Amino acid sequence: MVLGIESSCDETGAGLVRDGRLLGQAVASSMDEHARYGGVVPEIAARAHVHSVAPVVRAALDEAGLSMGDIGAVAVTTGPGLSGALQVGVAAAKGLAYSLGVPLYGVHHLAGHVAADTLEHGPLPNPCVVLIVSGGHTSLLLVRDLARDPITHLGDTLDDAAGECFDKVARVFGLPYPGGPAVDRAAREGDPRAVPFPRPLTGPRDDPYAFSFSGLKTAAARWAEQHGAAGRELPVADGAASLQEAVADVLTRKAVAACTEYGVGTLVVVGGVAANSRVRALAQQRCAAAGVELRVPPLRLCTDNGAMIAAVGDLLARAGAAPAPLNVSIDPSAPLEYAALCPAGT
């Protein structure tokens, strides 16, 4: 049984996985403490992890009806993420692995998001196309054997990630933090065709699988400013619906096109923005039209959690991957190349 620990940003997560099956998990979020600042404050996040990591491990074990002695390996996020936050999780994982005498696995945070889907739908098809969309990352990947093979990047964001775009525009619209869920809620009452926001990097000469949301963010901000300058009330619902439609359109258009070009029959959409209702609906619609199977984890596994890290550790252990040394360090800006991430410490 693998214990997974996640502490890359503002959620402290612990999960327990054995043979691809989720046995228990717990998550503590410090999001409310960051809300008044309009974004994550690294020092606050790190302190929250210190207070939460032991309780969430205990809560996950209690949910599974297990004890510390049942843990056979520990997996932990070693990057990317906030440096101080990562250090807390890695320190806890090292202490547990050493005291229990079990292997330790360093895990790339984004690989965790990919593996989260296996806890709901079973092993990933080999190959599959994976769309990762979150507050800090937007990537389109070609994934084969997640535990053994290198991960191929078909395209990544050149500037703002999709979730970052939602957060920043939500602030301009006067919506609360976090912006993604707030935009999704506001959009329910709006017209997605009300505002002709641009679809960045979708022209014939553009990189077919790269993403850029900075221009969309600016266009939405200028639209809001024009209403303010004219003394008109901002139609927030229409703006939110139109923004959400633009983001979902770009994400799903490129993802389904990649499946078609590479002859891949399955699209997996993961990450926090995979919880967005319009992204899920439009992905389903376009995958059905293209004859592509769509896999999206349940909402509880879309945002950061320890279960997804345990899922990677479980895959690595079953694949016979070498454990990380106990001096494993963190890499806050680690590129996604392999699921295992074991930077050497000093």
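Reply: Happy to! An axis here is a line fitted to C-alpha atoms, for helices over the stretch in contact, and angles run from 0 to 180 degrees between N-to-C directions. Helices (H or I, at least four residues) and strands (E, at least two) are DSSP runs numbered from the N terminus. This is a predicted model, where local features need pLDDT of at least 70 and side-chain atom pairs count only at pLDDT 80 or more, while totals for chains, interfaces and linings use all residues. Residues are numbered from 1 along each chain as its sequence is written, and side-chain values use heavy atoms, leaving out hydrogens and water.

Let's begin with helix α4 (residues 109-116) and helix α11 (residues 306-318), whose axes come within 7 Å and cross at roughly 90°. The two are therefore roughly perpendicular to each other (65 to 115 degrees). In contact (heavy atoms within 4.5 Å), His109, Ala111, Gly112, His113, Ala115 and Ala116 of α4 meet Met308, Ile309, Ala311, Val312 and Leu315 of α11. By class, this contact of α4 with α11 has eight nonpolar residues, three polar and no charged ones; Ala, Val, Leu, Ile, Met, Phe, Trp, Tyr, Cys and Pro count as nonpolar, Asp, Glu, Lys and Arg as charged, and the others, Gly among them, as polar.

Now for the core. A nonpolar core is a set of buried Ala, Val, Leu, Ile, Met, Phe, Trp, Tyr and Cys residues joined through side-chain atoms within 4.5 Å, with buried meaning under 20% relative accessible area (1.4 Å probe, protein chains only). The largest one has 51 residues, and Leu131, Leu140, Phe213, Leu243, Leu251 and Leu267 make the most contacts inside it. Among the elements giving two or more residues to this core are β6 (128-133), β7 (138-143), α8 (214-229), α9 (236-262) and β9 (266-270). The most come from α9, with 12 residues. Another core, of 33 residues, lies apart from it and includes Val17, Cys128, Leu146 and Ile151.

Leu267 touches, beyond four places in sequence, Val129, Leu131, Ala255, Val256, Cys259, Cys287, Val292, Glu293, Leu294 and Arg295.

Helix α9 also holds Gln244, which counts as buried because its relative accessibility is 6%. Beyond four places in sequence, Gln244 touches residues including Phe166, Val183, Asp184 and Ala187.

Technical notes. Parallel < 35°, antiparallel > 145°, perpendicular 65-115°, else oblique. Buried < 20%, exposed > 50% of the residue type's maximum accessible area, 1.4 Å probe, protein only.
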